[in-house]
Amino acid sequence: MSNKTYAIIGTGAVGGLYGAKLQKAGHKVSFLLRSDYQHVLEKGLIIESVDGDFSLPEVDAYNDVKKMPSCDVVVVALKATQNYLLPELLPPLVNKNTVILLLQNGINIEPEISQIIGSNTLIGGLCFVCSNKVGAGKIRHIDYGIITIGQYLPNYTAAGITEKIREIAQDFEQAAIPIELSEDLLLARWKKLVWNIPYNGLSVVLDARTDEIMANTDTRFLAEQLMWEVSAGANSCGRIIEDYFIQKMLDHTSKMKPYLTSMKLDYEGKRPLEVEAIVGNPLRMAKEAGVDLPMISLLYRQLKFLDARNRSDSKFLHI
């Protein structure tokens with residue numbers, strides 16, 4: 001095991017799960033928290049997982065990034081809707097050798113982050129995991145867990161398998177976190193959208209779990225057609241998603257335990273939805289390449305309306 005130190009920015013369903021696994025494996029991990037800071041400081045983290053339940057009675061918890069130690073790897077596990085906070089959150093943690101690992105859904109988000117961190121190494125990570133934060137300091141991991149990582153280079157030039165991603169992969173594997181290395185981060189992000197666009201989007205528009213979408217002939221058809229449009233979007237950017245991959249995602253979802261997607265949970269919690277990162281950005285990338293994605297465009301407009309109305313209702317309720 002390496003002696004790399006880690007900082008988790010966003011101790012939720014994803015950051016909390018993987019950060020806790022890294023600490024359990026022996027790494028020094030610092031956690032940035034907000035609403036449940038005091039609870040976690042006093043009682044630690046509880047992980048209920050298909051891989052085995054465990055708890056960390058003591059964690060290095062902070063509610064102020066300026067008090068956190070600089071580290072070797074900063075894991076950003078915030079929702080993309082909170083990236084406006086990163087110009088304030090990242091600089092205190094970053095030294096000239098710090099690697100930033102961005103565990104976020106969506107596409108075309110690395111360019112903005114690279115402007116904040118300058119010449120530091122930026123690695124994009126995509127998590128195929130069913131995990132929810134179910135209480136203060138409590139995370140329930142119900143299925144899957146693999147992370148795909150790839151190094152970012154300007155304009156999403158394929159970076160290949162670099163030494164930096166190998167080093168992080170070694171730490172994650174040692175912490176029993178399954179990991180896959182990608183030579184091409186842009187292709188990896190498009191492949192993740194094959195799942196994220198149909199299931200995150202339809203779960204909100206149809207008010208449905210993944211198993212409900214897959215159990216109905218009509219909604220399964222919608223999910224599959226959206227997947228084919230994602231494939232067309234990837235193709236417009238010079239990336240090829242093989243046909244078998246779409247069937248693989250359909251099969252995985254059919255076997256998945258009943259799951260409410262992260263976008264559906266955000267909608268129910270009246271939190272901003274990651275509409276732009278997950279749906280708007282790929283639409284715009286395809287349009288710039290001269291390709292129209294009509295079903296995804298329709299889904300995008302529906303989600304924009306629901307997101308705006310949902311947040312408007314939330315403001316009204318809190319007057």
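Start with the aromatic side chains. Keep in mind that this is a predicted model, and that the count of aromatic pairs comes to five. For one of them, select Phe128 and Tyr144: the two rings sit edge-to-face, 5.0 Å centre to centre with 70° between the planes. This pair joins distant parts of the chain, since Phe128 belongs to strand β8 (residues 122–135) and Tyr144 to strand β9 (residues 138–151), 16 residues apart. Phe128 counts as buried because its relative accessibility is 14%, whereas Tyr144, at 23%, counts as partly exposed.

Is Cys127 buried or exposed? It is buried, as its relative accessible area is 11%. Don't go looking for a disulfide here, though: the structure holds zero of them. Cys127 is in none, and the nearest cysteine sulfur, on Cys130, is 12 Å away.

Next, two spots where a lysine meets a ring. Select Lys24 and Phe54, and you'll find the charged end of Lys24 over the ring of Phe54, 5.3 Å from the ring centre. Then select Lys191 and Phe245: here the lysine lies over the face of the phenylalanine, at 4.6 Å from the ring centre.

Phe245 takes you to the next stop, helix α9. Select residues 243–255, which make up this 13-residue helix. From first C-alpha to last, α9 reaches 19 Å, close to the 18 Å expected at 1.5 Å a residue. Colour Phe245, Ile246, Met249, Leu250 and Thr253, which are the buried ones in α9. They are on the same side of the helix, because they cover an arc of only 140° around the axis. Turn to the other side of α9 and you'll see Asp243, Tyr244 and Lys255, which are exposed. What do the buried residues of α9 pack against? Show β8, α6, α7 and α8 (217–236) to see the partners.

Stay with α8 for a moment and pick Ser231, which is found in that helix. With a relative accessible area of 12%, Ser231 is buried. Setting aside neighbours within four places in sequence, Ser231 is in contact with Ile241 and Ile246. You have already coloured Ile246, one of the buried residues of α9.

Now jump to α5, residues 163–174. Its 12 residues should span 16 Å at 1.5 Å a residue, and the end C-alpha atoms are 17 Å apart, which agrees. Colour Ile165, Ile168, Ala169, Asp171 and Phe172, the buried residues of α5. Why do they fall on the same side of α5? They cover an arc of only 160° around the axis, so they share one side of the helix. The face turned away from that buried side carries Glu163 and Gln170, which are exposed.

Step into the loop between β9 and α5 and pick Tyr156. Although Tyr156 is not a glycine, its phi is positive, at about 55°. Tyr156 is buried, with a relative accessible area of 5%. Then go just past α5 to Ala176, which takes a positive phi of about 65° and is not a glycine either. You'll find Ala176 in the loop between α5 and β10 (179–181). Ala176 is exposed, with a relative accessible area of 53%.

For a last stop, select Leu206 in the loop between α6 (185–205) and α7 (210–215). Leu206 counts as partly exposed, because its relative accessibility is 36%. Now draw a distance from Leu206 to Leu32. The two are 174 residues apart in sequence and 34 Å apart in space, C-alpha to C-alpha.

Definitions and conventions
Residues are numbered from 1 along each chain as its sequence is written. This is a predicted model: local features need pLDDT of at least 70, side-chain atom pairs count only at pLDDT 80 or more; totals for chains, interfaces and linings use all residues. Side-chain values use heavy atoms; hydrogens and water are left out. Helices (H or I, at least four residues) and strands (E, at least two) are DSSP runs, numbered from the N terminus. Buried means under 20% relative accessible area, exposed over 50%, partly exposed in between (1.4 Å probe, protein chains only). A disulfide is a pair of cysteine sulfur atoms within 2.5 Å. Rings of Phe, Tyr and Trp (its six-membered ring) pair if their centres lie within 6.5 Å; planes under 30 degrees apart count as stacked, over 60 as edge-to-face and the rest as tilted. A charge sits over a ring if NZ of Lys or CZ of Arg is within 6 Å of the ring centre and within 35 degrees of the ring normal. The expected span of a helix is 1.5 Å times one less than its number of residues. The arc is that of the directions from the helix axis to the C-beta atoms. Contact means heavy atoms within 4.5 Å.
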